[in-house]
Structures are given as structure tokens and as C-alpha cells.
Amino acid sequence: MKRHVPVLVLAAVLLAGLFAPLVLKLSAPGFWTEVLLGGLMAGVLYSLVALGFVLIFKASGVFNFAQGAMVLFAALAVARLSERMPLWVAILLAVAIMVALAWLVERLVLRPLVNQEGVALLMATLGVTYFLDGFGQTVWGSDIYSIDLGIAREPVMVLEKVFEGGILINRDDVAAAVVAIILVGLLALFFQKTATGRALRAVADDHQAAMSIGIPLNRIWVIVWSVAGIVAIVAGVIWGGKLGVQFSISLVALKALPVVILGGFTSIPGAILGGLIIGVGEKMAEVFLGPPLVQMFDLAGGGIENWFAYMLALLFLLVRPEGLFGEKHIDRV
Amino acid sequence: MTAPETHLHFQGRNVGEVILSVEGVSLAFGGVKALQDVSFDVREHEVRAIIGPNGAGKSSMLNVINGVYHPQRGRIRFKERQFTDMDPHEAAVLGIARTFQNIALFKGMSVLDNIMAGRNLRMRSGILAQALRIGPALKEEIAHRQEVERIIDFLELQPYRKTQAGRLPYGLQKRVDLGRALASEPKMLLLDEPMAGMNLEEKQDMCRFILDANDQLGTTIVLIEHDMGVVMDISDRVVVLDYGRKIADGTPDEVRNNQAVVEAYLGASH
């Protein structure tokens, strides 16, 4: 119980910060709700990218730095292919491309490096990152492209009865949330209820033992990287549909890093919850914490969104290094 | 080797033909010679022990049979199939299962899932069918589950089905390790110090499980063990290694009275 105290204190502070604008009447309830929803939507995207990290880390112990580059690559593929064919065909083709990529990564990068130090594998994924960034430009071009999801752009006004003036929601945000929820549900089903999922969890726990009972490690790795690739497509399409496909997408990986620290490197629920906490946290901090700070210290203002996630992750590392749902490691001395 | 083998009887067991033969195996790690020109065979349905002082090369031998290490010289024949290079996955496919000296359970998974994972090789239906639990996949899952229940009964693990394997006490973890290995219905089972760190009662239980597996399931057993009493009690034949070389091979009685073995263990005239 004692070790939970710092976490509970941190949670209490975060919750207090979340509701403070409402309680202190700094904001109209409608506006506050809009900021909250905006944060949740950003959080869904962070969660999706973090999910890619977690999947690969669980099954192979590899911290895949290339997850952000995979999102960019997938988004570029969908954007450029959809110029020539219907969107759903483009997405199916992108799935094939990501599976092929998974197979190549397993063959050319993971297999030769099996049983090497984690650092060697991390460096290898750094290599994959830069290769994908560059190769993506070579193949698909380096302009800003758009993905047309066929969802109307203008936001809808809802809950006009509850809040004064109602709140605005983007339809594509709602669609994104629904897709993300379905995806997470499917993944949970896959991991918990299928023999392949069981084999994946087995590999994640102990490579040697998994091989000794006849689980083919190489095939499992291809499956896991393929699933991470498909998650990257979903994240890339949602992001690209909203803001356009451009290089900065690959930087979202850097936002997913604190999410994984928060949620725990091996936990799928952790990635989801962590993403939402950071998404909401940084939006709230930007909107409601920024202005008072600016007033009080006569600052230029802005930019809280950029560091908030990392500060939160740092605090979490101090009080709970394994993350919200990560496995606690006890080393024998 | 070509003439039909006579059936031998050890300790009242009906022992069959040779299913594993190790021929002139040498293994070195850099300058360290872990195994030097070791040859022996294992007969079907037999309990075969590999013993020796610390650092004699016992675990290395087991890892060679299991395909974790690849010997620089020599070859291994398992059921008519000859190989020098294979990996643990191929070994599993051929019907060689193993347990680990430092238990390597899937710690985050339940006891049930651990043993179910052991049946991985026997699963057939596709991912989609598994997820939706339709038709043959459902029938298959139920059949596997029944088989696993039989193993759970056999190893008296009933109260721990849903317990996370990593939370079990040491002796029980060893039992789950055995259960997972048995779940693949192996022809041959390699046990790496199955009784290490156990108290007397746990050792007796484990002996009983090993002998029952051998007797009821017909599994051939190859085990490494430190406890000489246990080895002499349950083994049909014993190979003795010392500094990577085979120094004796025979029934427990023969080995016990072998001068080289006594010297290796007591350190006389070394």
C-alpha cells in the first residue's frame, strides 16, 4: 500500500488540475468540455502510436524507435495510393506493404541480431527509422499530401441544451475515436482469446522457453511487426486525414514515448490510458495553466504543450518507474 | 546397429530400441572445451541420467540435444533423423521437449495458459477462426483444454489453474514447467535438474511424476541431476561426465562401483 501513496498523490494533483478551471470558474463548462474532448482526441492518436511501441516491446523486447517513421510511411502510402484508387483499396494495399516491411525487418534486422544487447537492437531500429523516412520520400515524394476520408469537415454543434452555446465536435474526431476503440477491442480479443495470441504472450515472457515448446519465434516476430504496422496505418490515416500527411507525423513517436513510460512498456491498457492522460493533460495545461503563468511572471507564453508530456513522464519515473500497469521487476542480488 | 535390437529390461521396465544416439560430440566455447568426443545412446521408454560434478558439461550436453548449442564435431541421430544443426523449435517439432534448470515459465500467464501454450505445436485452426471461436476451432480448443486438464490432474495442479505462474512457490513452478513440457506429448523429455533446490517431500513428488510420465505416457526421459540418491533410484542407465569427457556409462550399480566415477566425485588422485 505504501508504495502506492506517491502515485495516488500525483493522481490527486492531476485530477485537481483537471477540475480546477471549472471549480474556480475560470472557464465556461462548455469551453472546458471542448478542451477536454480535444485532449482526448489527441490522446487517442498518442495511444495508437504507443500501442505500436508496446506490441513490439512485449513480443521481442525491442524498443522500436521506428514506430513514428512507420506511421509516416503508412500515411504516405495511403495518401499517394488513394490518388489513383478508392481509399479502401489504398488501405488494403498499405496493409500488404506494412506486412512486407515487417517480413523484411525480421529477415534483415532482427534475425541476425537475435540474442544481442537491447542497445544494439535499439540502434538497429534507429537505422530503420532513418531508412523509412528517406525511403518514404524517395518512393512517395516529400510534399504535403492529403487523405480524403469522405467525412464532412464542418464541425457539428451538440449538447446545446446542457451547455450555453453548445460544444463543437469534429466528425472525423468521433470517427477516429470509434475506429480506435474497435481496433483496441480486436487486439485484446486477439491477444487473450487466440492460440496465436497466447503464443505471442509466451514469446514476450521467455524466448528460450517459447522456442522449446515449438513456438516459431521468427513467425511470431513477423506477426507482431505486421500488427504494429497495421496500427501505424490506422494512426497515420487518422492523423493524415486531419492535418495532412507530412514529415512532422514521424515526430509523433516522440510524443508516444512519455505515454509508454506512463503506461508501462508491456501494457496495452497502459498505452491507452497513458495516451488519454497525456492528451488531456497537455491540452488542459496549455489552455488553462498557460495564461495565469504568463500573467504572473510576465512571460511570452505558449509552448506548455511541448514539454508537459515529458515532465509528467519524468514525475512518473520518480514515483513508479514501471509505469501504471507495467510489470514490476525485482532483481535478485 | 542395423540388426534388430533386442529388447532390454531395466528395473522392470520394458525398454525399446535406440531412439537417440550421440556420436563423438565435441563442443567448445572459445578455449573452453565443454564436451570432448562424447558418445552414448538413449533407448525408447528408458530413464537415462547424465551426472557429473559441477562443470562436467551436463547442461551443455542437454542443450546440444535440444539444439540450443551446435557441436563443432560429432552428430546426433534422433529416430532415424540425423542432424548436427537444428534449433530448439525444430527439436520441439521432432518430439523433444525440455524443462529448465532456472525455471523459464511464462511468468505473466496463468498456469492453465502456460500448459495450453505447451500444446502450441498441436494447434491447427487459423487465427480468425480461433478469435471467433467458430466450428472446428472451438472444437479444437475444447479438445486441447481437455488434454491440459488431464495434465493438471496428473500433476495435481488443480487449485492453481488460474494462478499467475510467477506467483507460485518454487516447487510448484517446477511442476508447471514439467506440465508444459508434457503438454506437447513429446517422444523424449529432457529434464535439467528437475529436483534442484527442493526439499525431500518435493523431491519424492517430482520423482513420482517423472516415473508416472515414463510409465503411463511412455515418455523417454533424459535427466540431469545432482542428487545421487534420486538418480540411482529412478534411472535405468547413467552416463557420467567429468571435465567434458565421458568417464562411465552403465546401470546405476555398475556406475556406483566404477573407480573413475568414485575418483571424479571424491577428487582422489586428480
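This is a predicted model: local features need pLDDT of at least 70, side-chain atom pairs count only at pLDDT 80 or more; totals for chains, interfaces and linings use all residues.

Trainee: Why are H7(A) and H9(A) called roughly perpendicular to each other?

Mentor: Angles of 65 to 115 degrees count as roughly perpendicular. The angle here is about 105°, and H7(A) and H9(A) are therefore roughly perpendicular to each other.

Trainee: Which residues make the contact between H7(A) and H9(A)?

Mentor: H7(A) brings Thr196(A), Ala199(A), Leu200(A) and Val203(A), and H9(A) brings Leu217(A), Ile220(A), Ile223(A) and Val224(A). By class, this contact has 7 nonpolar residues, 1 polar and no charged.

Trainee: What makes Leu289(A) partly exposed?

Mentor: Leu289(A) lies in helix H11 (residues 268-297) of chain A. A buried residue needs 20 or more other C-beta atoms within 10 Å, and an exposed one has 12 or fewer. Leu289(A) has 17, so it is partly exposed.

Trainee: Now chain B. What does its secondary structure come to?

Mentor: Chain B has 10 helices and 12 strands. Of its 270 residues, 42% are buried. Among its contacts with a separation of 6 or more, 67% come from residues 24 or more positions apart.

Trainee: What is the order of strands in the open sheet of chain B?

Mentor: The order is E8-E9-E10-E5-E11-E12 (chain B), 6 strands with mixed pairing.

Trainee: Why do E8 and strand E12 (245-250) of chain B stand at the edges?

Mentor: Each has a single partner strand, so one side of each is left without a neighbour in the sheet. From one strand to the next, the twist averages 20°.

Trainee: How do you know that E8(B) and E9(B) pair?

Mentor: Pairing requires at least two bridges. Strand E8 (residues 96-98) of chain B and E9(B) have 3 bridges, in the parallel sense; the pair therefore meets the cut-off of at least two. Ala97(B) stands opposite Leu189(B) in E9(B).

Trainee: How many bridges join E9(B) to E10(B)?

Mentor: E9(B) and strand E10 (residues 220-224) of chain B run parallel and are joined by 5 bridges. Leu189(B) stands opposite Ile221(B), and Val222(B) is the bridge partner of Leu190(B). The chain goes from E9(B) to E10(B) through helix H7 (residues 200-216) of chain B, and this β-α-β crossover is right-handed.

Trainee: How many bridges join E5(B) to E10(B)?

Mentor: There are 4 bridges between strand E5 (residues 47-51) of chain B and E10(B), and the two run parallel. Ile50(B) stands opposite Ile224(B), while Ala49(B) has Leu223(B) as its bridge partner.

Trainee: What makes E9(B) mostly covered?

Mentor: In strand E9 (residues 188-192) of chain B, 5 of its 5 residues are buried. Met188(B), Leu190(B) and Asp192(B) point one way, Leu189(B) and Leu191(B) the other way, and all are buried.

Trainee: How do you know that both faces of E10(B) are covered?

Mentor: Look at the two sides in turn. Thr220(B), Val222(B) and Ile224(B) are on one side and Ile221(B) and Leu223(B) on the other, and all are buried. E10(B) is accordingly listed as mostly covered, with 5 of its 5 residues buried.

How values were computed. Residues are numbered from 1 along each chain as its sequence is written. Chains are lettered from A and ligands numbered from 1 in the order in which they are written. Axes are lines fitted to C-alpha atoms, for helices over the stretch in contact, and angles run from 0 to 180 degrees between N-to-C directions. Angles under 35 degrees count as roughly parallel, over 145 as roughly antiparallel, 65 to 115 as roughly perpendicular and the rest as oblique. Two residues are in contact if their C-beta atoms, placed from the backbone, lie within 7 Å. Ala, Val, Leu, Ile, Met, Phe, Trp, Tyr, Cys and Pro count as nonpolar, Asp, Glu, Lys and Arg as charged, and the others, Gly among them, as polar. A crossover is right-handed if, with the strands pointing away from the viewer, the path from the first strand over the helix to the second runs clockwise.
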